[in-house]
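Subject: Structure for you to look at

Hello,

I am passing on a structure that you have not worked with before. Please open it alongside this email.

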Amino acid sequence: MSAKNLLPILTRNTYLFAGLVIVCFFVALALFGLFYLPHNPLESVGPDYAPPSLRYLFGTTNIGQDVFSQWIFGARSTLLVGFLSGLITILIGLAVGIVAGFISLMDEPLMRVTDIFLAMPTLPLLIAIAEFVKPSIYSVSFLIAVLIGWPGTARVVRSSVLSLKTQPYIEVAKLSGVPSYKIMFEDIIRHILPLSLTYSLFSVIAAVLTEASLDFIGVGPSTDYSWGAQIELANQANAVLFGAWWWFLIPGLSIAIFSTGIALLAYGLESIFKEM
Amino acid sequence: MDVVSFEEVYKYFRDTTGKIITAVDGVKLKIKEDEIMALVGESGSGKTTLGRISVGLIQPSKGRVLFNGKEISDYTKKELWKRAQYIHQDPYSSLDPYLTVGDVLDRPLKYLLGIDDEKTRREIVQSFLQRAGMEHIPLTTRINRLSGGERQRVLVGRAFIIKPKFVAADEPTSMVDFVHRNEILNMLFNLKKESNSSIMFITHDLSIASYISNRIAIMHKGRIVEFGSKNQVVDTPFHPYTQALFSVTPEKLLKGSVAVSSKLVPRVFGLEQSRCKYADVCPFVFERCRKETPVLRDVGDGHSVACFKY
Amino acid sequence: MSQRVLEVKNLEVVYALSTRMVQAVSDLSFELLKGETLGIMGESGAGKSTVGWSIMRMIEPPHKVMGSIVTQGKDVLTMSEREIAEYRWKRVAMIFQTAMNSLDPVSNVRKSFVRLLLDKRICSSKSEALKTCSNLLEMVGLSESVGDMYPFELSGGMKQRVLIAMAIAANPEILIADEPTTALDTLTQFSILNLMSDLRKQGKIGSMIFISHDLSVQAFMADRIMVMLKGKMVEFGTKKEVFETPKHPYTQFLMKSLKFQAEPIRLAERQKQSVGCPFAKFCAFAMNRCFVEFPKPTAISETHKVSCFLFGG
């Protein structure tokens, strides 16, 4: 896979390309916000409930904050939750899935634990925990991954490993004396990483949506002004009644478009990996 | 001393419908030091199963397998595979496409022989490639870039690089085209000579068996029906099944011996269950064959047959 | 002078894969005579099956098929849909390499047969179809009770006999058999081959194109043999000529390999070569020209031709 063949592959697959464009756009937006924001997103800088104008591209909130600045600022938190949660999800999912798939003795116990997590009403549990603990962006990412994210990935990884295990080349590795842990975490991982990575992108979407849900209920880390938090604030202030559609529509659409971008990316990657 | 000895080995499997299948049905066989024993049989004869049992990849249901006089189950996996190796049949599914040639050859040295120094291992691999006739394949080539013939060479090399005493090779040339077949056979010969190994060469092709082996064992439905030195079996095959196999070798066909082959060719239906598994299609069948199972009896000079004709 | 049943001229087949184009067959010309078995021999990747599929006109766009395949005055490659329907299975039938799985698993043999006979209008009523089915089963050495069996109950040899029966149902002029016995035991293999040979002698099969990489099987079945290598014809002649006096270095190599007498091959440098002779990099007689062009066939005798610069071309 040299850099030369990369570009044609990227452009040939429209899903992949579209997804990549969207995701990169939002990542760039969040990074951009680290260095420059048109106005301080938390300060009242303008008139209340001002509709979008040249000065305030996305209008203002009920206390005169610039929605555009908030949008850029909020991208950071939302994306952070998504990616951090996705990362923890895949780490746990891979570990559990590979061990369960490869070591038959561990399969039953690990799968029962996975089943418990899948069967548990994790969202209410999460809400309850969040109410007590008042989590930050980081801890909520962790909680989402642990309670909601990993079981699905673990299952998918496990079934891949189960079928891979029967491949003769795994037997050849054993015949060559390669210790099991190396076979699991070097050889097998190499084969399942692409597809597992793709699958875990969906947990990114789940994380973003879950965080937004938590915010909306009021137990989320709203002080970090993620897009979900912004929707919650807008809702609390009854923005609908005031006709201030710009306040909640912008973050809401952003969540939707970003999630779609991740999904497109996942589908695109999947078809590429299938070809390989 | 015998390198590998099968003592009344049986292996049963359950198929998808739950029925019990006897893959290996009472095999008694000894493989001597420094010899090539060809195990000849059709698909379903149990030869692959026997091959896998010989290196401890499968455990027999009944009976013992001895390696160098000690029961296989008494060895640790590492101890066993340092001395007994296996070559898979399909060069496409037996090699991890993401590994390099160097990786595949390096691993047995590192993990079975315990050679920790990377440089030493690399030197051994380099010199091995020279002797094995693979110098033209760079070590950094990924497996998925190799052709079938090249892959098969890597597979064979992987088994021999640790100089094992015994190698079970499962149809190493059946998935390779003619152009590479002879190279693989030569490679096997040379590597065997170098490490003084014994080889159990599993094949369905009697002409290859006749070409490379010292002794031949013919397997049919899980039993050894005939075995002896190559010359004994090739010149005077006794068992009707062996005779039938010989009637359809390329040499015979080139001479156009249609008459011979159609006479010895089995009927399509064999619905009765006889004790001798070949009885259903055997042209020489007696009543006895349906009631008793013949055992291997020596008919002279180490040539044994399992057949009531003798 | 035997009648020509099929005439292939300058056949070219290119497969369009997602990442590249693959030339499967290049400039292939040959003819099939009435009542003969023509063996197409070569190793995997030689393009043998492709030739069979082309004759059945089963290769569709985006893949490209060029040249002409003429039978009864009409070019198969330009026939209309209606003509093809009359042509396929009535004039030409094929037994595929992966035939083992081509029987409908949820119908018993008789049902599959009747369906075929009625669909192809070989029979016009169910009762006629049932009778024909029984006849065909008997012809291939299967008992009547096989008709009630389902594919999973049949052994490999029995399945193959059913497929042969289906292929000859319409008494085709041409039967194309693509590695029909490769997956079977040696002994079963030859009982099937005996059957096919007998059917041809009885006239139930007109002419046959027999595709196989197995030299001994070709020695048994074929009257004339076409040796192919990487999509090109390297030698063509009677069975005797090809087996006893092979002219092309590749054919000679094959024959010697059969007896384990082949000289060790000069190890090829790992280059891909798409023009010229595919055997050049292994050939002891290779000239510079061989790497650049592929020779045209030269006639050695009335029946024997070679594509090799050693003989002209």
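Below is what was found in it, taken by topic.

The model is predicted.

Domains of chain B

Where they meet, 15 residues of domain 1 of chain B are in contact with 18 residues of domain 2 of chain B. On the domain 1 side, at least two residues each come from α7 (206-212), β9 (215-220), β10 (223-229) and α8 (230-235) of chain B. β10(B) gives the largest share of that side, seven residues. By class, the side of domain 1 of chain B that touches domain 2 of chain B has six nonpolar, five polar and four charged residues.

Domains of chain C

Chain C is likewise assigned two domains: domain 1 (4-244) and domain 2 (245-313). The distance between their centres, taken over C-alpha atoms, is 28 Å. In chain C, 15 residues of domain 1 are in contact with 18 residues of domain 2. The elements that each supply at least two residues of the domain 1 side are β9 (224-229), β10 (232-238) and α8 (239-244) of chain C. Seven residues, the largest share of this side, belong to β10(C). Eight nonpolar, two polar and five charged residues make up the side of domain 1 of chain C that touches domain 2 of chain C.

Strand β7 (residues 166-170) of chain B is mostly covered, with five of its five residues buried. B:F166, B:A168 and B:D170 point one way from the strand, while B:V167 and B:A169 point the other way. In β7(B), the residues pointing either way are all buried.

β7(B) has a parallel pairing with strand β6 (residues 84-87) of chain B, over four bridges. In that pairing B:Q85 is opposite B:V167. β7(B) also runs parallel to strand β8 (residues 198-203) of chain B, and five bridges join the two. There B:A168 stands opposite B:M200. Together with helix α6 (residues 178-195) of chain B, β7(B) and β8(B) make a right-handed β-α-β unit.

Nonpolar cores

How many residues does the largest nonpolar core have? It has 179, and B:L39, B:F201 and B:A217 are those with the most contacts inside it. Helix α5 (residues 156-168) of chain C contributes the largest share of this core, eight residues. Apart from this core lies another, of 62 residues, including A:I72, A:I88, A:A244 and A:W246.

To follow one residue of the largest core, take B:A217. Leaving aside residues up to four places away in sequence, B:A217 touches B:L29, B:M37, B:L39, B:V40, B:I224 and B:F227. Of these, B:L39 is itself among the residues with the most contacts inside the core.

A helix in chain A

Helix α9 (residues 227-236) of chain A is mostly covered, with eight of its ten residues buried. Those buried residues are A:W227, A:G228, A:A229, A:Q230, A:I231, A:E232, A:L233 and A:A234. After α9(A) comes A:N238, which has a positive phi, near 55 degrees.

Regards

Note on methods
Residues are numbered from 1 along each chain as its sequence is written. Chains are lettered from A and ligands numbered from 1 in the order in which they are written. This is a predicted model: local features need pLDDT of at least 70, side-chain atom pairs count only at pLDDT 80 or more; totals for chains, interfaces and linings use all residues. Domain bounds come from an automatic or database domain assignment. Two residues are in contact if their C-beta atoms, placed from the backbone, lie within 7 Å. Ala, Val, Leu, Ile, Met, Phe, Trp, Tyr, Cys and Pro count as nonpolar, Asp, Glu, Lys and Arg as charged, and the others, Gly among them, as polar. A residue is buried if 20 or more other C-beta atoms lie within 10 Å of its own, exposed if 12 or fewer, and partly exposed in between; C-beta atoms are placed from the backbone. A nonpolar core is a set of buried Ala, Val, Leu, Ile, Met, Phe, Trp, Tyr and Cys residues joined through C-beta atoms within 7 Å. Two strands pair if DSSP finds at least two bridges between them. A crossover is right-handed if, with the strands pointing away from the viewer, the path from the first strand over the helix to the second runs clockwise.
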